Every structure is written in C-alpha cells, then in structure tokens.
Amino acid sequence: MATCSARDPLSGPPGYESPGLVGGGGWPYAQAAVSPADAEGAAYILDSSVLRLADGRAMLIPHGESEAVTVPITDPRVGAAVKGDRDWLRSGTVPGGSLEHRGMAARALLDLRLLTTPTGASTASWYGMWNYVWPRDAAFHAAAFAVTGHLDEARSVLSFLARVQGGDGSWDTRYRPEGSAVDDGRAIQLDEIGWVLWSTWFTARFADDGESTAPWSMVQAAADWIAGNLGADGLPPAGSDYFERKPSAEQDPDSPTLGVSAPLLVGLRSATALAAEGGHTGEAARWGEAAGVLDAAIRREYGPHGYPRSPIDGGDMDASVTFLAPPFAPSDLGVDFALGRAVERLGLENGGLLPGENWAGTATTAWTPEVAMFALADASSGRTVQAGSWLDWLAEHRTSLGVLPEKVDDQHRPASVAPLGWTASLVVLALRALADPLPVPPVSGTTVHEEAG
C-alpha cells in the first residue's frame, strides 16, 4: 500500500484525485486541483490553464495569488491569465501533426509548467506521494521544456538538480520542493544518475549558444560515480530503478536490471560528449572507455537472452528495453526485435502496457509512461504508424479535461494521479520526434558494434 504500484483490493476500481489543475498565466506558476464535480461539463480555455465551467464562469488562480477563484468569464483577470499562458506556449513551439495531438502536447506543456516551481523543483505530480521531485522525472521534464524551446524552464530544473546532488555524485530517490531529501527507506534509484546526465547533454542541443545547461561540476561528479562503480564484469551494481523495487525482489538479485544498466550507459555517453565539447579531454577519454566497457557488458549479458529485465535466460521483459533504442542509443536490430517481444508480453486488453512482465501491481491496469516510452522509441526509429497509434491511445485515455493520467484501468478509465509529468514529457518528446529526429548521444571511440564483431 506504500508504493504507487499497489492498492487496496477491496477499495473498488482505481480513481484519480483530480482530472486536472488550474493556474494563472504568469510567474510563479501557481496550481490548484480541479474537483471531479467542478470538471463536469467544464473545459480548459484553448491553450491555457484557465477552466471554463459548465455554468459559463471561469476558474483560475489570478497572477500573484495562490488560491483558485471562480469569476465571470468577462473578468479581466481571465483574459490576462489566458494571454500569459498563450504567450508562454508561443515563446517556443508546440509539436503535433493533428489538432488532437497538438492539443495534447499543449496541455502537457502547460501541466509541466504548473508542476515546476520558481526554484526549478519540478514535481512528479501535485499531491501525496507524487508531490516530490524525482531526479529521473525532472530530467525528462527539462528535456521536454528544451525540445519545445522553453530553455529558461529547462535550465531552472537542471539547476535545482545540481543544487541537491549528493557529494558522491549521486542523487537521493526524491526531494521536497524546497530541496531537502526524503528519507523514507526507499533505495536510491540508480537510473536517475544516467538520466540527469542525458538531460544535460540533450537540453544543450537546443540552446542557442550550445552551452551546457547544468554546471560542469555536476556532470563530472555524476559521470565519475558511474565510471567508478562498474564491476569486474563491466556492469554497475544491483540497485533500484524506476520500478522502485529492491534487488532482492528481482529474478537475478545479484545483477543490475536493464532499467539501471541502460540509463547509466546513456549517461556515460552523454557525459563523454559534453566533456569532448568542453575540451575536457581526460574525462572524455576516461568516460568514453567506461561507456565502451558497459556497452559491451550489456550486449554480452543481456543480448543473448533478448534484452530482458534481468540478464538471465527466460528473464521477464520490461519497458526499459526502450532505453536501448533511439533517441537514447543508435538503432540496433537486436533491440528492435526485443521491443516487439516486449510489446507482446506487456500488452493488455485495454490497449495499453504494463511496466513489466509478471508485474506485482494490478495486472489489468496500464501505465501511461510505458506506453509513451514505446511511442518515443517508435517515433525516433521511423516507425511512424506505430508511434501514432500509441499516441492516439494516450490521447483517447486522458481525463475529462484532456490531462494525461498515470494509469488507465481495464474499463478504459483514467486512474491514479493526473497529470503525471513523466508521461507528459515523453509525449512531448515523441510528438517532436515524429516531426524532426531527436539527437542521440554519440558513441565515441570503439563502438559497440565493433566490440561485438
């Protein structure tokens, strides 16, 4: 009951606390949850976080205030808030080849904005156990801001992550918005180290000056942590990942999951590229060599088994196989085959996907981040029809206000918290990838394919 993946079996079908948020149009991006009762017959005013209620009035948070108010639609604060939101969207770009996809992307970006504080603390969602900063989720939030041209927000998020980084280069599992770590017994999720490095490199691709979007000291400490913690077999230590599960619960407790190994490889490649671009030749050589070792180990340990979650014969498939596909790594036929196999194993009757095979949570409830992961992998690999199908499914399973929830139950109803920032970020990235290829961290030195050959 203490984790996102479990619920009381006697409590009835899963629900969500709110179908969306309202806010103002300016800084800071204050937020308030909309009750299901208020959401009946309501809709957001186009390209804004102002809600037009069924009775014609508007619900919003006026600029500079923190509480939601309900006012006549003619109240000048409504127009000011709508203009603020639209001006912010137009300061960048909103991806989407259809009106529905474009609307989903705009809502996702506005929700990410509402989840991000003036300090750069970008929370997973707005309440309870989600109202914290997970470095992994925040890294993706920054990437979504960057790819749409909202660089100030991207830099702010990465600056927050730099401030809370541990002395050894790693991060705690989650942080309060004011920056203190949450000590609740959860094991550190090692994948987040790689994702922060990737986001730092990725966001710099969209900066006008090409400069790194995070301090070099943060990059250096995180990359050194990964390189210094590879074992004799070339793999990182066993640890928790986005599954939030202890290694003892895995099929191979002594080995890292693919959800740890793959993101750390992405992170090393990203750090190596940043070092080379910045003239840090020593670090570039050292991290590039470590990336080659980890790359070869992943192919040797996971590849012969079809890239399962744990590196064993007959291992369960997991959505983290997408972390070996574009835009995180170059295309590979073996990974493409594993992606197809994972979809077959994780697919549900409602059209969505489970995070992994033999999932410990509700076996009939789909998770939207995993669906969006496959949408991003397909969009980045040129499989536009399949990517579009995943994105259509996500669009069809939003809340009544058009917000992306964390889960979808077996009755096709949104479930759990909404919005979920990680899903919103992945959707924005996937829609952008359908229009323009996203950058992939370069493979430096001896490539994986040469090692394998």
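**Figure 1. Arginine charges over aromatic rings.** The charged end of R107 sits over the ring of Y44, 3.8 Å from its centre. R136 lies over the face of W422, at 5.3 Å from the ring centre. A charge counts as over a ring if NZ of Lys or CZ of Arg is within 6 Å of the ring centre and within 35 degrees of the ring normal. This is a predicted model: local features need pLDDT of at least 70, side-chain atom pairs count only at pLDDT 80 or more, and totals for chains, interfaces and linings use all residues. Residues are numbered from 1 along each chain as its sequence is written, and side-chain values use heavy atoms, with hydrogens and water left out.

**Figure 2. Aromatic pairs around W359.** A search of the whole structure finds 21 aromatic pairs. One of them joins F243 and W359 edge-to-face, at 4.9 Å centre to centre and 65 degrees between the planes. This pair links distant parts of the chain, 116 residues apart. F243 lies in the loop between α7 (216-228) and α8 (258-277), and W359 in the loop between α10 (333-346) and β7. W359 also pairs edge-to-face with W367, at 5.5 Å centre to centre and 80 degrees between the planes. Rings of Phe, Tyr and Trp (its six-membered ring) pair if their centres lie within 6.5 Å; planes under 30 degrees apart count as stacked, over 60 as edge-to-face and the rest as tilted. F243 is buried, with a relative accessible area of 10%. W359 is buried too, at 13% relative accessibility, and so is W367. Buried means under 20% relative accessible area, exposed over 50%, partly exposed in between (1.4 Å probe, protein chains only). One aromatic cluster includes F243, W359, W367 and W422.

**Figure 3. The open sheet β7-β8-β9.** 3 strands form this sheet, with antiparallel pairing. β7 (366-367) and β9 (414-415) stand at the edges, each with a single partner strand, so one side of each has no neighbour in the sheet. 2 bridges join β8 (residues 407-408) to β9. K407 stands opposite A415 in β9. Two strands pair if DSSP finds at least two bridges between them. Helices (H or I, at least four residues) and strands (E, at least two) are DSSP runs, numbered from the N terminus.

**Figure 4. Helix α12 and its cover.** α12 covers residues 384-396. At 1.5 Å a residue, its 13 residues should span 18 Å, and its end C-alpha atoms are 18 Å apart, which agrees. The expected span is 1.5 Å times one less than the number of residues. Buried residues in α12 include W390, L391, W393 and L394. Their cover includes α3 (99-114), α11 (368-380) and α13 (421-435), along with α10, β7 and β8.

**Figure 5. The buried side of α7.** M218, V219, A222, A223, W225 and I226 are the buried residues of this helix. They cover an arc of only 150 degrees around the axis, which puts them on the same side of α7. The arc is that of the directions from the helix axis to the C-beta atoms. On the other side, S217 and G228 are exposed. The buried residues pack against α5 (151-164), α6 (191-204), α8 and α9 (281-301).

**Figure 6. S199 in helix α6.** S199 is found in α6 and is buried, at 0% relative accessibility. S199 touches A139, A142, A143, L158 and T213, not counting residues up to four places away in sequence. Contact means heavy atoms within 4.5 Å.
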